[in-house]
Amino acid sequence: MSNKVKQHDQVDSAGDSACSLTHVEKDKTLGEFGEEIMCENAESDITAENLDSTDGPFNFSFWKKKQHTNTNISQIRDEENIVFTHTKHEPKQPDTKLTFDVDPDTYEVNTFPRGIVTLINIKQFHKRLLLGTREGTDKDAERICKLFLDLGFIVNRYDNPSCEQILEIMEKAALADYSKMSCCVCAILSHGKEGYINGTDGRVKITEITSLFKTNGLVGKPKLFLFQACRGRKYMDPMSLDVVDGKMDVVERDGISNPKKSEVISLPSEADFLYAYSTVPEYFSWRSVTDGSWFIETVSCVFRQLSQKLDVNRMFTRVNGQMSNRESFTEKKATDGKRQIASIVSQLRKDLFLYSPYGALPRD
């Protein structure tokens, strides 16, 4: 980021209307199928001298270049003309089968595809919620799609689902067949507050989503959740970085003799989860209207650079190291020069490596 011109930043808060510009103007763009769609953009005072108001339609040239394929695209509009879109992307079959050394303290990842990524990307909201359009979020969604396709995952991307649709999507993802896969990933990009994520028409409890993934089909497999959203209304100053650590306590049952114990998988129901929140409780989460969120941009950069060398927990430590050096640029005294650090709550039992089946990844 040091070589880039500073861009204006915003927060992904579900309750701070003062951080969103209220004037609305119409912007004509192309939809994913090439049709013209009238979109309402909240950042109407953005000019050509500082930054663009939109990133435009999703760029599918990547999939052609990388030979990944789109197998399903569908869309519907709700009563407020918000377009809900589902796009399924499948990774290219590797030219050769790559295997990686596995020890008892490392999760098995020698499958292709590696797993399924369920991506919820919410840009627009019903007017009654008084939430600003999340400009820049399409950049985040594109980064996640590209990154995990390059890591060998199937990616199901859902744009602008309602609360009911989010729960249906996540239930379907949790009940998918993972018998020949190694990992499950969910990424949610939206406005939020502590414990909640916004759909287009309201709020969903995060625990309602994560509890769906405590299934027999995912026992023993790592489950990663990435949340790009605010968790409160505080701004983080340069000298007040608060970190929330997640640690799993393993409780063993004593006094029970079972000669066949080694044949049965018996794990705590909360085992094998990792929750990566873009910010710590009570704080805002920053997003550039042109470059996307600080968190997703840094995750993409670090994972592309280090996925062949470091496990997921150590990569998230590097994410925090890089992200903590950034500061907000808003040209407003109350919000300029603020910081952010992610909260990584790990309940993994082993080291998780997300090696790419194609070798070293290209830079973002």
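Thr298 is buried, with a relative accessible area of 7%. This comes from a predicted model. Thr298 lies in helix α5, residues 294-306. Its side chain reaches back to the backbone oxygen of Trp294 at 2.6 Å. Leaving out residues up to four places away in sequence, Thr298 touches Val319, Gln322 and Met323.

Helix α2 spans residues 137-150, 14 residues in total. From first C-alpha to last it reaches 20 Å, close to the 20 Å expected at 1.5 Å a residue. Of its 14 residues, 13 are buried, so α2 is largely enclosed by the rest of the structure. Just after α2, Gly152 takes a positive phi of about 90°.

Now the aromatic rings. The structure holds 13 aromatic pairs.

The Tyr235 and Phe284 pair links distant parts of the chain, 49 residues apart. Tyr235 sits in the loop between β12 and β13, and Phe284 in the loop between β13 and β14. Tyr235 is partly exposed at 22% relative accessible area, whereas Phe284 is buried at 3%. In the other pair, Phe148 is buried at 2%, and Phe153 is buried at 0%.

One aromatic cluster is formed by Phe213, Phe225, Phe227, Phe273, Tyr275 and Tyr277. The charged end of Lys223 sits over the ring of Phe273, 5.0 Å from its centre. Elsewhere, the charged end of Arg203 sits over the ring of Tyr196, 4.9 Å from its centre.

Technical notes: Residues are numbered from 1 along each chain as its sequence is written. This is a predicted model: local features need pLDDT of at least 70, side-chain atom pairs count only at pLDDT 80 or more; totals for chains, interfaces and linings use all residues. Side-chain values use heavy atoms; hydrogens and water are left out. Helices (H or I, at least four residues) and strands (E, at least two) are DSSP runs, numbered from the N terminus. The expected span of a helix is 1.5 Å times one less than its number of residues. Buried means under 20% relative accessible area, exposed over 50%, partly exposed in between (1.4 Å probe, protein chains only). A polar contact is a pair of N or O atoms within 3.5 Å; within protein, one must be able to donate a hydrogen and the other to accept it, and residues adjacent in sequence count only if both atoms are side-chain atoms. Contact means heavy atoms within 4.5 Å. Rings of Phe, Tyr and Trp (its six-membered ring) pair if their centres lie within 6.5 Å; planes under 30 degrees apart count as stacked, over 60 as edge-to-face and the rest as tilted. A charge sits over a ring if NZ of Lys or CZ of Arg is within 6 Å of the ring centre and within 35 degrees of the ring normal.
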